Amino acid sequence: MTATALLIVLVAAFLHAFWNYLAKKSQNKIAFIWWFILFAVVFYFPMFLFFFVESKIPAVGWTCIVATGLLHTFYFFFVGSAYKQGDLSVVYPLARGFGPFWVPILAVVVLREQLSLRGVIGIAFVVVGIYVIHLKSFSLKMLFEPFTAIRNAASIWALLTGCTIAAYSLVDKVGVKSVNPAVYIYFIFLIPLIFLTPYVLARERGALKPEWQLNKGAIMAVGFLVAFTYLLVLFAMQTSNVSYVVAVREVSIVFSALFGIIWLGEGHRQPRFTGAFLIALGVIFIGLSR
């Protein structure tokens with residue numbers, strides 16, 4: 001993984017954690033998510049149109065566009081449902097951590113990628129760090145807490161979110177090889193908007209106006225960041241191993257833990273910071289695995 005790609009993904013990780021922090025602070029999570037998707041679709045339309053006119057999308061590109069659009073529909077719904085139930089410093093690590101666990105396995109099996117020893121060690125540190133960051137304490141009683149936590153609704157929604165992350169990461173690795181990322185990413189938001197709108201109008205219509213009035217600044221910020229951050233990741237995927245990109249991106253867990261502990265007043269500082277250190281160590285190994 002090149003130094004440029006590493007820097008791009010790290011910046012994207014920080015911004016990704018920040019927009020999740022804003023989403024967690026919102027009043028109605030699903031309404032907030034619908035609003036920022038709508039804003040992203042409107043805001044990025046000129047960019048999309050500029051590149052789309054010159055684009056020739058092959059059949060495999062359209063297949064990936066439809067697939068990632070559907071997967072992101074589930075992703076947005078799952079992440080909104082998870083934040084209804086749980087803390088940022090719990091939901092985000094669990095959701096983002098499930099991706100690195102599956103992506104390397106699927107990337108080797110499906111995409112025939114090869115991982116260097118440093119890459120494997122780095123991914124292992126990231127996964128272990130994610131587990132530690134989910135602990136409430138380092139007592140023996142709490143050692144298996146992350147497993148028992150799966151029983152609650154927030155963790156179930158977070159794990160479902162992680163499944164969609166693993167799936168769309170692999171789809172997008174293939175998709176950006178045949179579709180301009182600026183065009184590709186637009187459909188990532190347009191398709192979920194089409195599918196989520198009937199649900200939102202039927203179930204959350206009454207929350208739309210209050211959510212906009214209360215959080216319109218945050219909605220517009222997230223609408224910009226959510227597309228911009230993933231666009232950075234897509235460009236990195238064009239030149240780097242998907243397993244490394246997805247793993248490095250999980251440093252966003254460090255930022256989300258800090259946001260949750262410092263800004264939202266969430267507890268369990270020692271495990272969170274220890275897990276953050278392990279994740280950072282994993283990022284160093286991955287960055288050296290060229």
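Is V60 buried, exposed or partly exposed? V60 is partly exposed, with a relative accessible area of 44%, where buried means under 20%, exposed over 50% and partly exposed in between (1.4 Å probe, protein chains only). Keep in mind that this is a predicted model: local features need pLDDT of at least 70, side-chain atom pairs count only at pLDDT 80 or more, and totals for chains, interfaces and linings use all residues. Residues are numbered from 1 along each chain as its sequence is written, and side-chain values use heavy atoms, with hydrogens and water left out.

**V60 and its surroundings**

- V60 sits in helix α4; helices here are DSSP runs (H or I, at least four residues), numbered from the N terminus.
- Setting aside its neighbours within four places in sequence, V60 makes contact with V174 and S178, contact being heavy atoms within 4.5 Å.
- V60 and I261 are 201 residues apart in sequence, and C-alpha to C-alpha they are 43 Å apart in space.

**Helix α12**

- I261 belongs to the buried set in α12, together with S252, I253, V254, S256, A257, F259 and G260.
- α12 covers residues 252-263, so 12 residues, and reaches 16 Å from first C-alpha to last, close to the 16 Å expected at 1.5 Å a residue; that expected span is 1.5 Å times one less than the number of residues.
- Just after α12 comes G265, with a positive phi of about 70°.

**Aromatic pairs**

- Rings of Phe, Tyr and Trp (its six-membered ring) pair if their centres lie within 6.5 Å; planes under 30 degrees apart are stacked, over 60 edge-to-face, and the rest tilted.
- That rule gives 36 aromatic pairs.
- One of them is F50 with F51, edge-to-face at 5.1 Å centre to centre and 90° between the planes.
- F50 counts as exposed at 61% relative accessibility, while F51 is partly exposed at 31%.
- W62 and F187 are also edge-to-face, because their ring centres are 5.5 Å apart and their planes are at 70°.
- W62 lies in α4 (residues 59-85) and F187 in α9 (residues 181-203), so this pair ties together parts 125 residues apart in sequence.
- W62 is partly exposed, with a relative accessible area of 36%, whereas F187 is buried at 11%.
- W19, F32, F36, Y75, F76, Y168, F189 and Y230 make up one aromatic cluster.

**Cavities**

- There are 3 cavities of 30 Å³ or more; on a 1 Å grid over the protein atoms alone, a cavity is a set of points where a 1.4 Å probe fits but cannot get out, and its lining residues have an atom within 4 Å of a point.
- Grid points are joined across faces, edges and corners, and a volume is the space filled by probe spheres set on the points.
- The largest cavity holds about 80 Å³ of space, and its lining includes W19, Y75, F76, Y168, F189 and Y230.
- Elements giving two or more residues to that lining are α1 (3-25), α4, α9 and α10 (205-239).
- By class, the largest cavity is lined by 8 nonpolar, 3 polar and 1 charged residues; Ala, Val, Leu, Ile, Met, Phe, Trp, Tyr, Cys and Pro count as nonpolar, Asp, Glu, Lys and Arg as charged, and the others, Gly among them, as polar.
- The second largest cavity has about 40 Å³ of space, with H16, Y75 and R96 among its lining residues.
- For the second largest cavity, α5 (88-110) is one of the elements that supply at least two lining residues, and α5 gives the most, with 4.

Terms used
1 Å grid on protein atoms, 1.4 Å probe; cavity = no way out; pocket = protein on both sides within 12 Å on 5 of 7 lines; lining within 4 Å.
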